[in-house]
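Work through the exercises below with the coordinates open. Each task is followed by its solution.

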Amino acid sequence: MIQHLIDGVLTGAIISLGAIGLTMVMHILRFANFAYAELLAIGAYAALVFDALFAALVPALAVKFAPLTLTGTLALATLVAMGVAGLSALVLDRLVFRRIRDRAGPLSMVFASFGVALIIRNLIVLAFGLHPQLYSPDIAFAVVLSFDPLVLIKPDQVFVLVAALALMLGFHLVLTRTTFGFALRAVAENPSLAQVNGVNLSAMIAAVWLIGGALAAAAGVFYALTNQLNPMIGHVFLLPVFAATIVGGIGSVYGAVAGGFIVGIASGLSLMVLPSGYTPAMPFLIILAVLLIRPQGLFGEAES
Amino acid sequence: MLGLISYLAFFATMAGILAIVVLGLNLHWGYTGLFNGGVVAFFGMGAYGAMILGGRPEEGLLGGFGLPFPLAFAGGVLLAAALAWLVGILTLRLRHDYLAIATFGVAVALESVARNAEWLTGGARGRRGFPRPFEGWTDDPLLWGLMFLGLVALVLALVWWGLERLVNSPYGRALRAIREDETAARALGKNPARLRLQAFVIGSAIMGAGGALYVAWTAFISPQDLAPVLTFQVWAMLIVGGAGNNRGALLGAGLIWAAWTASGFALSRFAPTDWQLYAGSIQYILIGAVIVGMLLWRPQGLLPERISTRLSTPQPRPNSGG
């Protein structure tokens, strides 16, 4: 029970990070972006590439922060990967989504986002292969917190949880303490009204893609660090991040964070009653439950 | 020569089954503007439903009741419709993309049930053994294949005829009105939520019919058949052919299925051996590129929707292209 809860909280933190950008994009651009979860995969693999690159350039940095398996180069590579994924999100918008947005309805963008997701996922397969990979060949030993009931936790998991919470706190401070944050919230709440008041909408949309991509990349690296890298990361996280945005209410950043933890913990706890093969279906059941009880989500406003 | 005919019959049967599914999607997307992200779920529901009702009993598995084919077929169609009703009633009142997410979710959920509920679906092994229609009539596999192709063509023609009547009726105009301007349709006394739900259920039932035919043809179904790629293929068929035009849907089904089999053949024949593992990925990239490319450069498809502006004269009925 406690073990499932801990694992659920950790998965929840990763889903939350992934859902923050998605909920903003879904609210401002009014389309469900099925290519969004591929940003997690882009981030995770970009970190793999830059980790190797930095380790070759500056071997002194490739030292582990014991007891973590995280190295100095991976930490740096993660920051670069966040930039890479943010820029990828921006480029995809310019190349595909904005051009369709100008001409057709939001649902055409949903179609296109599926196509984009297929292309990205399989380009990753071609570039890196289908087999799972790890950032570090060293085995991360778990620490036994208690024997009865058996509770195991890896130092990396603690780090990931702390880092994810720190990123969310940082974004919260940006949203509540800076002019940029106010503008972002204004756009998220009412794009046309914000524009009337002098907020540059297209700059804000670009910022949302950059921030969302960066947070998604961090989520991807954190998942890969505590589990493994494989090209299906995007596919695996697609439904959970959507479930998080729906649970929290589309457009609500805090809702997405809460929703991520709810989905993660519920999926973790479901392992006590259901075989693990059913885990991929859990987010769908959560979505159905939310639509039945409170369709606008926890923090969302009811639509007329 | 016989080999060629036999292959063409095989190709046409699969293309025909897919064309039925594409026609179902055309009612969703083309005529009503509903986004179905889980085409494969309704196809799969029809397939597994028909298999469980009409298949041969297997040890340790529930079902395999061996019902006559028409009953098993109808059962699969009804199960697909029931699933659509459940998803639709929860989502169709809400933002448009909720349906997209929920239908995508139902496909993921159904695949995990198919993989794990071994007592019902046979798990990853799948279920096999289906008393196929016309099986007792002939021993010649080619003749049987042609007979089955005739059955598929018959169902396709019926679906085509029914849909053409539906979309050219006042009901079809009401669906398009909702797609174009929901508020205006509401002002004219139409109930958008109910009409959408009906169109969604009918379209999904048609997809289920495709699944039931598929299982009667192969006498085998496994979670492999529920892979998301089917959804993308069917979309590509509709987008390439032209949403909102049933002839476009048929054309797209033929073209994309031909392109898919041809690219698969070319990759298996000409790609280096160590690339064979990745042939599937290359095909996925191609299908993704087709979807994105069409949306960017020819969103109306090869045969665009034609809306008659003359309301006083009856609409010309296209001949059945079965």
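**Exercise 1: the interface**

Task: determine how many residue pairs are in polar contact across the interface of chain B and chain A, and which elements of chain B take part in that interface.

Solution. The model is predicted. Start with polar contacts: six residue pairs qualify across the interface of chain B and chain A, both residues at pLDDT 80 or more. Next, list the elements of chain B that give two or more residues to the side touching chain A: α3 (69-91), α4 (96-116), α10 (229-241) and α12 (279-297). Of these, α4(B) supplies the largest share, 14 residues. Then search for salt bridges: the rule finds zero. Now take the area. About 4000 Å² is buried between the two chains, and carbon and sulfur atoms give 81% of that. On the chain B side, R95(B), I101(B) and L296(B) lose the most area to chain A, together 18% of what that side buries. Finally, count residues in contact: 41 of chain B against 44 of chain A.

**Exercise 2: helix α10 of chain A**

Task: check the span of helix α10 (residues 253-270) of chain A, then find what covers its buried residues.

Solution. At 1.5 Å a residue, the 18 residues of α10(A) should span 26 Å; the end C-alpha atoms lie 25 Å apart, so the two values agree. At the helix start, a side-chain oxygen of S252(A) comes within 2.8 Å of the backbone nitrogen of G255(A). Buried residues of α10(A) include V253(A), F261(A), V263(A) and S270(A). Their cover includes α1 (2-28), α5 (155-177), α9 (233-248) and α11 (282-293) of chain A.

**Exercise 3: confidence**

Key
Residues numbered from 1 in each chain as written. Chains lettered and ligands numbered in written order. Predicted model: local features only at pLDDT ≥ 70, side-chain atom pairs only at ≥ 80, totals over all residues. Heavy atoms only, no water. Helix = DSSP H or I, 4+ residues; strand = E, 2+ residues; numbered from the N terminus. Expected span 1.5 Å × (residues − 1). Buried < 20%, exposed > 50% of the residue type's maximum accessible area, 1.4 Å probe, protein only. Contact = heavy atoms within 4.5 Å. Polar contact = N/O pair within 3.5 Å; in protein donor to acceptor, adjacent residues only side chain to side chain. Buried area = accessible area lost by both parts, 1.4 Å probe. Salt bridge = Lys/Arg side-chain N within 4 Å of Asp/Glu carboxyl O.
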